[in-house]
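Here is a briefing on a single structure. Look over the sequence and the model first, then read the points below.

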Amino acid sequence: MPIIMHIDGNSFYCSAERVFRPELRKKPVVVLSNNDGCVVALTKEAKALGLKRGTPYFKVRGLCKAKGVAVLSSNYELYQSMSGRFQRTVADMVPRMESYSIDEVFCDLTGIADKEPEKLTELAQAVRARVLKWTGIPTCAGIAPTKTLAKLCDHFAKTFPVYGGVVNWLALSPARREKALAITPVKEIWGIGGRTREKLEGMRIRTALDFTRMNPYVVRRHFGVTLERTLREMNGVACLPFEENARARQQILRSRSFAKPCSDLAAIVTAASVHMTEAVRTLRRQKCAAKTVGVLFHTDPFRQDLPQYGCTPAKALEIPSADILTLTSAAVELVNTWWRPGFEYKKAGVYLTDLVPAGETFMPETLFCSEDPEKLERRERVQCAIDELARRFGKNIVVPASTKLAAGWEMKRDLLSPCCTTRIEDILAVS
């Protein structure tokens, strides 16, 4: 029988902020979305004040100020760095690990203490203790025969402190399992979204226990094979494969909304160039090249009182490329071609599609290709040198000149904390 452990960070964004700011511990903390728009993460102390995820910040600004809530902008650089530390720490203690998101992983514990479920609980507690000691991130864990059940057990661990941060489905009696499912709303099951929940509740399926008692063939007929797999997983039949190596992305997209509308062509070009540098890093990290490069930019669709315009043009390359100069030049050309004056643009970005393995980069697809293979190989050597410089001295040590043309398009982050793990100037000093 497979044994899966799901472990994730508690209020991960807030916990990462607290690691380097001890004064925030035991204090209500919220982290805001892009452009400081909505609450996306909050601590249990903030929840106790009535704050909720997804609430626009302007609606709770007064409450946060009155109650002394620490409000922070999203510091994605810090969170990604702390995520790497968290996941590497877990990986050292388990046979196999699958990275699912920035703050959660699945671990394959199959074959470990098959006849002694309490040993699995001890292992999970040891993992939690090491992660807390080495990274400062508090976690909870769930252990079960399937991914869906393990994730639900993790939810139980967060909801009921009596379990001590770990819920082991294998160690629960049948009566306790049934009780846990009976008090759990069906919406808490991984993979059941708002519309599916409404449809299930219309069929009088309101709890996780109700869901587990459904006929699989009825579920497939009304909802499709995906939800049938979820049902079987909830009943202990593993249907979701364990993916130790993350799948290569089929498309890479990078985009951000502006802090305020922008009508300057140079600003749109700069934004597209900055997003392309990030997209190329991801592209090279997964050892791929792109056959198609595209850009997107548009006005604010919520401001119907203003003229509206938007576009998502793309350009096919003669030879797949993972070269930052080639891809940035293509993106800049598309922006210059499709930009229209007289509009207030709110968002811009880039996308790379038709990805192929990097080994096919220098292989012309037609006899009429104008690219010189020797020139492409020289550019690749330059790109490798840029990659090494970025690895040693920081990711923005060498960037295309078009990333420096204009300012004013950047995302609003007025409450941003220091990047203590990735920027030398932000490293904490001990006096």
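**Helix α6 and the basis of the model**

Helix α6 (residues 147-159) has 13 residues and spans 18 Å from first to last C-alpha, close to the 18 Å expected at 1.5 Å a residue. That expected span is 1.5 Å times one less than the number of residues. Helices (H or I, at least four residues) and strands (E, at least two) are DSSP runs, numbered from the N terminus.

This is a predicted model, in which local features need pLDDT of at least 70, side-chain atom pairs count only at pLDDT 80 or more, and totals for chains, interfaces and linings use all residues. Residues are numbered from 1 along each chain as its sequence is written, and side-chain values use heavy atoms, with hydrogens and water left out.

**Burial in α6**

- α6 is mostly covered, with ten of its 13 residues buried. Buried means under 20% relative accessible area, exposed over 50%, and partly exposed in between (1.4 Å probe, protein chains only).
- Among the buried residues of α6 are Leu149, Leu152, Cys153 and Phe156. Lys147, Lys151 and Asp154 are also on the buried list.

**The five-strand sheet**

- Five strands form an open sheet with mixed pairing, in the order β5-β6-β1-β7-β8. Two strands pair if DSSP finds at least two bridges between them.
- β5 (96-101) and β8 (166-168) are the edge strands; each has a single partner strand, so one side of each lacks a neighbour in the sheet.
- Neighbouring strands here are turned by 15° against each other on average, direction ignored.
- Strand β1 (residues 4-9) and strand β6 (residues 104-108) run antiparallel, joined by five bridges. Ile4 stands opposite Asp108 in β6.
- α5 packs on this sheet and touches β1, β7 and β8. The direction of α5 makes about 155° with that of β7. Contact means heavy atoms within 4.5 Å. Axes are lines fitted to C-alpha atoms, for helices over the stretch in contact, and angles run from 0 to 180 degrees between N-to-C directions.

**Thr139 in β7**

- Thr139 lies in strand β7 (residues 139-144).
- Thr139 counts as buried because its relative accessibility is 2%.
- Leaving out residues up to four places away in sequence, Thr139 touches Ile7, Asp8, Gly9, Asn10, Phe86, Arg128 and Val131.

**The α4-α5 packing**

- Helix α4 (residues 76-91) packs with helix α5 (residues 117-135) at an angle of about 140°. Their axes are 9 Å apart.
- From α4, Met82, Arg85, Phe86, Thr89 and Val90 meet Val127, Arg130, Val131, Trp134 and Thr135 in α5.
- The residues of this contact divide into six nonpolar, two polar and two charged. Ala, Val, Leu, Ile, Met, Phe, Trp, Tyr, Cys and Pro count as nonpolar; Asp, Glu, Lys and Arg count as charged; the others, Gly among them, count as polar.

- Strand β2 (residues 29-32) runs parallel to β4, with three bridges between them. Val31 stands opposite Leu72 in β4.
- β2 and β3 run antiparallel, also joined by three bridges. The bridge partner of Leu32 is Val39 in β3.
- β2 and β3 form a hairpin with six residues between them. Asn35 in the turn has a positive phi of about 60°.
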